[in-house]
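Trainee: Before we look at the model together, could you show me how to read its features one at a time?

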Amino acid sequence: MGLYKRGWTWWLSYMVPGLGQHCETAGTSNKRLAQKILDVRRSEVAEGRFANLLKSNTPTLTEWATNYLATVQHPNTRRRYAYSKGNLISFFGEGAKLSHISRNRIEQFKATRREAGVKAATLNRDLRFLAQLLKQAERERYIARSPFDLSKFSLNESRERREPHIITWDEEEKLLAVARPRIRVLTVLGIETGMRTGEMLSLRWKDIDLLDAVIRVEKSKTASGIRSIPLSARCGTELVRWRNLVGPAFSEFVFPSFSNRRHALQGGRKAWASTLKQAGLPFFPIYYLRHTFASRLTSAGVSPLTIAQMRGHSSTQIVPRYAQVLDQNRLDAMKKLEALRPSTASLTENPVTATREVDEPLFN
């Protein structure tokens, strides 16, 4: 790549991301001038302003986002992207061309949204959607280069992320003591399997094999979420009890809508909130049962890879976000340390004779 000569004229050769190598004539026999033209071209490529070989009818952000949404398969993802689309169009304008979206405009978008009190997680979702739009436009040669390739725009969400409520053993007993049958089986299912709320509500009886003690998740948020989950004896007992109340003879769904048993249950937030209130527990989303599952597996010494597979994650990187060591386990660890102290201290000049009782560990 660089300069080369054909006859008396210098030619330019340089790489354009998404387009490959591009050659053009400098239109001059002066090498110094040709070098300056080459430097300008490279600068245009780096800043995403390269216009040659690009399609002339660059679509607007509104048109491109609408067409892109039509290709999104999962309804929840499509719904979230539609929300992001509205946020982007509100800032950039309905008539904004894709080629007009620069790094500076993206930074202005971030600043405006942050000033409006938008949290980092919400803003990052909007930015990821915009990045996908621009990357696709780059592949189809509507823009030379997406500005998202030049710098990272995402914000650190960890400082603003709300700590999930990990249910203790005592809280679980209080919750189950007042829960009605449907909430009870959902609670046990969430804690014992780590399934997503949507996965539980979309379960069909054909997905549950009580004989082999396994649940097959056929419909999930991601491809890695399609999996088989072993059933604990306790979870199997609760499902048998629930099947005796609302079994396949009533509906194919494990949790049907009682207004129309041919459809799965939707919502249920009020019933969940009411149960928490009766149990004397603060409100937290039922989704946090999934966090409790991961935390208890971590406490039991299960590997992150196994936890990720059971929860339907494609990577172990996300496990630390959900898995927290229970306070009771921390307390047990300190008691074990205290119990070790007398035997260790007996080797010194002034042995300690006091002993401490050690509780049984949470997991045998």
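**Reading a helix and its surroundings**

Mentor: In α4, the buried residues include Ile106, Phe109, Lys110 and Arg113. They lie on the same side of α4 because they cover an arc of only 95 degrees around the axis, the arc being that of the directions from the helix axis to the C-beta atoms. Buried means under 20% relative accessible area, exposed over 50% and partly exposed in between, with a 1.4 Å probe and protein chains only. Helices (H or I, at least four residues) and strands (E, at least two) are DSSP runs, numbered from the N terminus.

Mentor: As to provenance, this is a predicted model, in which local features need pLDDT of at least 70 and side-chain atom pairs count only at pLDDT 80 or more, while totals for chains, interfaces and linings use all residues. Residues are numbered from 1 along each chain as its sequence is written, and side-chain values use heavy atoms, with hydrogens and water left out.

Trainee: Against which elements do the buried residues of α4 pack, and which exposed residues does the face turned away carry?

Mentor: Contact means heavy atoms within 4.5 Å, and the buried residues of α4 pack against α3 and α5 (120-139). The face turned away from the buried side carries the exposed residues Asn104 and Glu115. After α4 comes glycine 117, whose phi is positive, near 90 degrees.

Trainee: Where is a positive phi found in a residue other than glycine?

Mentor: Most residues other than glycine have a negative phi. Alanine 213, however, has a positive phi near 55 degrees; alanine 213 lies in the loop between β4 (208-209) and β5 (214-217) and is partly exposed, with a relative accessible area of 29%.

Trainee: How many aromatic pairs does a search of the whole structure find?

Mentor: Rings of Phe, Tyr and Trp (its six-membered ring) pair if their centres lie within 6.5 Å, and planes under 30 degrees apart count as stacked, over 60 as edge-to-face and the rest as tilted. The search of the whole structure finds ten aromatic pairs. In one of them, tyrosine 4 and tryptophan 11 have ring centres 6.4 Å apart and planes at 25 degrees, so the pair is stacked. In another, phenylalanine 91 and phenylalanine 109 have ring centres 5.5 Å apart and planes at 65 degrees, so that pair is edge-to-face. The latter pair links distant parts of the chain, with phenylalanine 91 in helix α3 and phenylalanine 109 in helix α4, 18 residues apart. Phenylalanine 91 counts as partly exposed at 23% relative accessibility, whereas phenylalanine 109 is buried at 1%.

Trainee: Is serine 251 buried or exposed, and which backbone atoms does its side chain reach?

Mentor: Serine 251, in the loop between α9 (233-245) and β7 (256-257), counts as buried because its relative accessibility is 4%. Its side chain reaches the backbone nitrogen of phenylalanine 253 at 3.1 Å and the backbone oxygen of arginine 261 at 2.6 Å.

Trainee: Over which ring does the charged end of arginine 261 sit?

Mentor: A charge sits over a ring if NZ of Lys or CZ of Arg is within 6 Å of the ring centre and within 35 degrees of the ring normal. The charged end of arginine 261 sits over the ring of phenylalanine 250, 5.4 Å from its centre, and that of arginine 296 sits over the ring of tryptophan 169, 3.6 Å from its centre.

Terms used: Polar contact = N/O pair within 3.5 Å; in protein donor to acceptor, adjacent residues only side chain to side chain.
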